[in-house]
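Biologist: I am new to this one. Please show me the chain, then take my questions.

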Amino acid sequence: MYFILAHTEDLIMDQMLLPRMILLLALIIIAVSIRVGLRQADRTLKMYERVENMTAQIEASRDYTHSLLNSQDQLKAFYDSRKAYLDKLEGLISSHQPQEALQFIKEIGTQLDQTKRKQYCQNPLVNAALSTYLAKAEALHIPITVKAVIPKENAALSSDLAIVLSNLIENAIHASEKQPDSHRALSLLTLCQGDVLNILVKNRFDGTVTFDEDGLPTTQAKGHGIGMKSLGHFRDTYDASVLCTCEDGWFSTYIRVPWGGAA
């Protein structure tokens, strides 16, 4: 068009050169603004994810602390009643009631068991998260299988791993609630091989799952999907391998992460 107009008597192209340069500058400014906006949106999203993760971790720590305080109160109440228990037990034995005495001992043992907090692994941060979220699964009568071997070392990774496992277990609980009572199950298995930690989280699920280009599940439900974004960030940060599958009525998430110094 420039060459055509350049050979006309009225050089319209030359007259429009300045406006077109201004338009080009405006387009460049708009493109830069869009790019900056996208970066800001990405930073805002990551900040939101961090806030959500920190909130979840704080809530897990609060619930775990609350359970410890309840356990302490139960143990104190048992300690205050120890003399009454011993007197009753002595009375049953003295009156030759061995069956009643054995039954009373079992009742005392049951009360003591209620004061114990479950120890799933040696890592305190991860154990606090597991205790909180697996307790929720038990409260919903979801059968759980747990075998967690997670060392104490690597504090920074432990904190992020606690968040990831909390999200995965919470997702598994939500998925299990959609299943019939007889069809619910949740499993957590971990294994250390040298300096690599292997993690497998499974739950029963009969629906269909859509995966993104990175192999992580996607969802359009409002308020969901943060957990998988957290898992993706964990994978990228610690050079971990993540594999999610949905086969034969089971949804599984397998994580393989270098631990460093684990034994």
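The questions below go from the sheet to the helices and then to the aromatic rings.

Modeller: Two notes on the source. This is a predicted model, where local features need pLDDT of at least 70, side-chain atom pairs count only at pLDDT 80 or more, and totals for chains, interfaces and linings use all residues. Residues are numbered from 1 along each chain as its sequence is written, and side-chain values use heavy atoms, with hydrogens and water left out.

Biologist: What is the order of the strands in the open sheet?

Modeller: Strands (E, at least two residues) and helices (H or I, at least four) are DSSP runs, numbered from the N terminus. Two strands pair if DSSP finds at least two bridges between them. The open sheet has 5 strands and mixed pairing, in the order β1-β2-β3-β7-β6.

Biologist: Which strands stand at the edges?

Modeller: Look for a strand with a single partner, because one side of such a strand is left without a neighbour in the sheet. Those edge strands are β1 (144-147) and β6 (241-247).

Biologist: Is strand β3 largely enclosed or left open by the rest of the structure?

Modeller: Buried means under 20% relative accessible area, exposed over 50%, and partly exposed in between (1.4 Å probe, protein chains only). In β3 (residues 196-204), 7 of the 9 residues are buried. So β3 is largely enclosed.

Biologist: How many bridges join β3 to β7?

Modeller: β3 has β2 (residues 186-193) as an antiparallel partner, joined by 8 bridges. There, Leu188 stands opposite Val201. β7 (residues 250-258) also runs antiparallel to β3, and Ile199 has Ile255 as its bridge partner. The number of bridges between β3 and β7 is 9.

Biologist: Which residue in the turn between β2 and β3 has a positive phi?

Modeller: β2 and β3 form a hairpin, with 2 residues between them. The phi is about 65 degrees, and the residue is Gly194.

Biologist: At what angle do the axes of α6 and α7 cross?

Modeller: Axes are lines fitted to C-alpha atoms, for helices over the stretch in contact, and angles run from 0 to 180 degrees between N-to-C directions. The two axes come within 8 Å. The crossing angle is roughly 10 degrees.

Biologist: Which residues of α6 meet α7?

Modeller: Contact means heavy atoms within 4.5 Å. On the α7 side, the residues include Leu161, Leu165 and Ile169. On the α6 side, they are Leu125, Val126, Ala129, Leu130, Tyr133, Leu134, Lys136 and Ala137.

Biologist: What kind of aromatic pair do Tyr85 and Phe104 form?

Modeller: Rings of Phe, Tyr and Trp (its six-membered ring) pair if their centres lie within 6.5 Å; planes under 30 degrees apart count as stacked, over 60 as edge-to-face and the rest as tilted. Here the centres are 5.9 Å apart and the planes are at 65 degrees. So the pair is edge-to-face.

Biologist: Are Phe234 and Tyr238 buried or exposed?

Modeller: These two form a tilted aromatic pair, 5.1 Å centre to centre with 45 degrees between the planes. They are 4 residues apart in helix α8 (residues 226-238), about one helical turn. Both Phe234 and Tyr238 are buried.
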